[in-house]
Amino acid sequence: MTLAPPAPPKALTGYRPFWAKRFGPAPFLPMSRAEMEQLGWDSCDVIIVTGDAYVDHPSFGMAVIGRTLEAQGFRVGIIAQPDWHSAEPFKALGKPNLFFGVAAGNMDSLINHYTADHKIRSDDAYTPGGVAGKRPDRATLVYTQRCQEAFKDVPIIIGGIEASLRRIAHYDYWQDKVRRSVLVDSKADLLLYGNAERAIIEIAHRLARREPINSITDVRGTAFIRKPDDAGLHGWFEVDSTEVDRPGKVDALLNPYLGMEENAQAQGETCEAANANPERTAPPAGSGAVSGANLPKQANPQEQPIRLVRRPLVKQDARALVTPRDKTVIRLPAYEQVKSDAVLYAHASRVLHLETNPGNARALVQRHGEGSTARDVWINPPPIPLTTAEMDHVFDLPYARSPHPVYADQTGGHDGPTKIPAWEMIRFSVNIMRGCFGGCTFCSITEHEGRIIQSRSEDSIIREIEDIRDKVAGFTGVVSDLGGPTANMWRIGCKSPEIEAACRKPSCVYPGICPNLNTDHTPLIKLYRRARALKGVKKILIGSGLRYDLAVKSPEYVQELVTHHVGGYLKIAPEHTEGGPLSKMMKPGIGTYDRFKQLFEKFSAEAGKKQYLIPYFIAAHPGTSDEDMMNLALWLKRHGFKADQVQTFYPSPMATATAMYHSNLNPLKGISRDAARSEKVDIVRGEKRRRLHKAFLRYHDPNNWPLLREALKSMGRADLIGNGKQQLIPTFQPATDGAYVSARRKNSTPAGAKVSTVTQGRLLTQHTGLPPRETAAGGTANPRPARRPAAKPSRKGR
C-alpha cells in the first residue's frame, strides 16, 4: 500500500498571537521578579525550569522554547539551575498562568554527572565556571516534584532530552535495571519528546483557551497517561504486540469441493445477500469470466452452464490491513513484563524504532501497573518536521546570543571565572540543520530529533553569521562551525516524498547508501563559498562530525572542505575497524574510511597544506570481542595513531545498542525466543573487561602493558609481545606511577610523578590530530593549534 505524506500541520506562524504580545520581546527572558517589573509584567504565562544555566542562544533548549513561545505572545520566565532542596526557589517568579515547562537541560542529568565507568564527573559544561553539582540526579523528576509542591494546581509539561529518551519503560545503566516511563515517575501532565516547537505552541494556545490539559490527547510528539478504560480513547484499533513468536490470524482456505453456499456455511455466513441481488455476482467488463447471457440457450432448462465469478475474499479480521494508521495504536509489552523479560524488552525496543517515521508511525501504548493501579502510557506519533520557513522563523528570533547578565563576572563580561564552557564552544558557531539519517545504534538522535533532515535556508544562515560578526563580543573573524548533528547532511534527503513517508528503514546509509537518497552536496558547497566571502569573515571551520561515507559521493565537496574549511585536522568517526562491532553500530566498513582518506590527502597536497584526519573509536560496544579490539589496536599502531581520549560505550536510554547491552540480543535482526532465530550479541560487561578494551585503544600507555600482556597470552597471541615494529607492546616495563593523563586536565588521574612513555616513529595524537612536536629537552609534546574548533556536546555527529 502506498502511503501519502501526512497532511501539513498548522504553521508555527499561523496562530493568532496571545494578547500579551503587546509587551514585545524581552532583552532576556526574566529570571527574577525585578526583571518582570521592568518589563511591565505582573505574572508569567509560562515558566521554564531547566538544569542548564540560561544562555539566550539557539543552541540551548530553554532559549529556543522560551523565544518561540514569546513570539506567540506569551510571557515566559526562566528558573535556571534552582536549588532543589526546597520548593521556595520554584516560587521565585510567582504562579504561572498556564503551565510549568520542566527540562533537565541539554544533556541527560545522569550522563552529565557520571562517566561510562560510573565515576563522578568533576565539571559541568553547562554551568558558570564549569562547576559540578548544580543540578540533581534525575533532574526531571526532582524539578517536577518541587513545582508540584510550589503550586499544586498548575499543569506541568516535561520535555528535553532526558524526558524524550525515557518516555517508555527503559533500561537504566546507572541502576542496572528497567525503570518505568519518566512520565509515570514524575506524575507530570504531559511529556513532549523530540523538537517540541510545534507541540508546545499548540498546547499553549489550547491552554490559553481554557481547555483542560487532560483533554489534550491528540498532539503529535506528546505522551500522556490514562486509565485503561478511559472512554475518551474509544474508537482506536489496537494491535497487540505484547508477545513474540505468536502467529497472526491465519485465513481459512476455501474448500474447492464445496459450493458457494456450503463454503459460506463453513465460515458461519450465508449467501442470502448474493441470492437476493444476483446482479452483484455479474462479472465486470473485461474480467474474463463467463456470463450466462452470452451463452447459447440450452435444450434442458434445468441444465445451467458453469459461471466463473470474481469475488473479493473478505477477511473476518482484517484490522491490520484496513484500519487507518492515524487511529491505530500498537500495544507494547507492559512495564511489568519488560522489567523481568529481556527478550520482550528487546522486542519493545524494535517496535519503538520501527515507529519513528512521522510519515507512517502509529501511536504506542504501554501498560504500567496492575489491577486498580494500572495506567496506560500513550505515545502519539512523532512531530511533523519543521519546514525551511519554520526553521528560519525559530532561528531568526531575537536571541541575545550570550548568557544572562546574572552570570556576568566583575567586569560585566562572560570570559572570566563565570564563563560557561558549553556557550564558549558554540559562541561563534552556526547550527544549520536538525536530524540525522545515519541511524547509529549507540546514538539517540533519531529517537529525539528524527531522521528527516530539517534545513534552514541559506539566507537565514548568512544572517546569523552577520549577527555573530556584528554583535558577539570577541569575534575575531573565525566561525568555529557550520554544522549540526552531522556536518554534511544539510539539504540532503529522500528523492521522493512518497517513498520517504512509507520508509521504515532505521538508516539511509547502512548497509549502503540508499538509491533513493539525494547525495548532492552542491547546495552545501555554495553555502560555504558564500559564507567565507562575507566581509569580516576570515575563515569558516567545520567542527561537527563529518559523515565520510556520504562525503565520498561528492569529491568536489571533499575538495572544497579540505582546501578551505579544515583547521589543521578534521575529526571523523569510523568507530571501529572490524565487521562484527560495525554491524552492531550500523556503521560503514573501514574501507570507506580509506577511500575518504585518499581524497583528503590528495586535496590537502594539492592545496599545499599539511592536514590530518582524527578518527574516533569506541571501546566495549556490544558485539565487540577481545580479538576485535586487538585488531583495532594493531590498526592504530600500523597507522601511527595514539589515542589521548578514549570513548567507552555508554548505554544511554532508548538507544538500540542499549537494548543489545541489556538483552544480549540484536533487535536489528528480529527477536524470537527461539535461539536459532535470534542473533546473540557479545556484551562487554564487568570492570576488568571494559578496562581491557580501553587498554587496547591506549596500547601506547605503559600503565596498560601488564593488562595487555596477560590478555594477549590468554588469547594465544603472545607473538604480539616484543620490541619489534610488528609487535603491539614491548617486553620491558618502565617505571610508571599508574597515572592517566587526559587531554582534559580535570579528567586526569592525579599522580606523584610523570608517566614514562616510549615513542617510536611518527605518531599522531587523536586529541590534536598533529604529529608530536619536538621540545627543547629533545622529547615530544602534543602541539596545540592556535584555534581549535570544539565539538558541541549536544550536536556531536556520528
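# Helix packing exercises

The buried residues of α16 pack against α13 (388-395), β15 (429-431), β18 (478-479), β19 (481-483) and α18 (522-532). The model is predicted: local features need pLDDT of at least 70, side-chain atom pairs count only at pLDDT 80 or more, and totals for chains, interfaces and linings use all residues. Residues are numbered from 1 along each chain as its sequence is written, and side-chain values use heavy atoms, with hydrogens and water left out.

**Exercise 1.** Find which residues of α16 are buried, and compare the expected span of the helix with the distance between its end C-alpha atoms.

*Solution.*
- Helices are DSSP runs of H or I with at least four residues, strands are runs of E with at least two, and both are numbered from the N terminus.
- Buried means under 20% relative accessible area, exposed over 50%, and partly exposed in between (1.4 Å probe, protein chains only).
- E458, S460, I461, I462, E464, I465 and I468 are the buried residues in α16.
- The expected span is 1.5 Å times one less than the number of residues.
- For the 14 residues of α16 (residues 458-471) this should give 20 Å, and the end C-alpha atoms are 20 Å apart, which agrees.

**Exercise 2.** Describe how α18 packs with α20 (residues 555-564).

*Solution.*
- Axes are lines fitted to C-alpha atoms, for helices over the stretch in contact, and angles run from 0 to 180 degrees between N-to-C directions.
- The angle is about 25°, and the axes are 10 Å apart.
- Angles under 35 degrees count as roughly parallel, over 145 as roughly antiparallel, 65 to 115 as roughly perpendicular and the rest as oblique.
- α18 and α20 are therefore roughly parallel to each other.
- Contact means heavy atoms within 4.5 Å. On the α18 side, L524, I525, Y528, R529 and R532 meet E556, Y557, E560, L561 and H564 of α20.
- This contact of α18 with α20 has five nonpolar, one polar and four charged residues. Ala, Val, Leu, Ile, Met, Phe, Trp, Tyr, Cys and Pro count as nonpolar, Asp, Glu, Lys and Arg as charged, and the others, Gly among them, as polar.

**Exercise 3.** Describe how α2 (residues 61-71) packs with α7 (residues 197-208).

*Solution.*
- The two helices pack at about 45°, with axes 10 Å apart.
- That angle makes α2 oblique to α7.
- V64, I65, T68 and L69 in α2 meet E197, I200, I201 and A204 in α7.
- By class, six nonpolar, one polar and one charged residues form the contact of α2 with α7.

**Exercise 4.** Is V406 buried or exposed?

*Solution.*
- V406 lies in the loop between β14 (402-403) and α14 (421-426).
- Its relative accessible area is 52%, so V406 is exposed.
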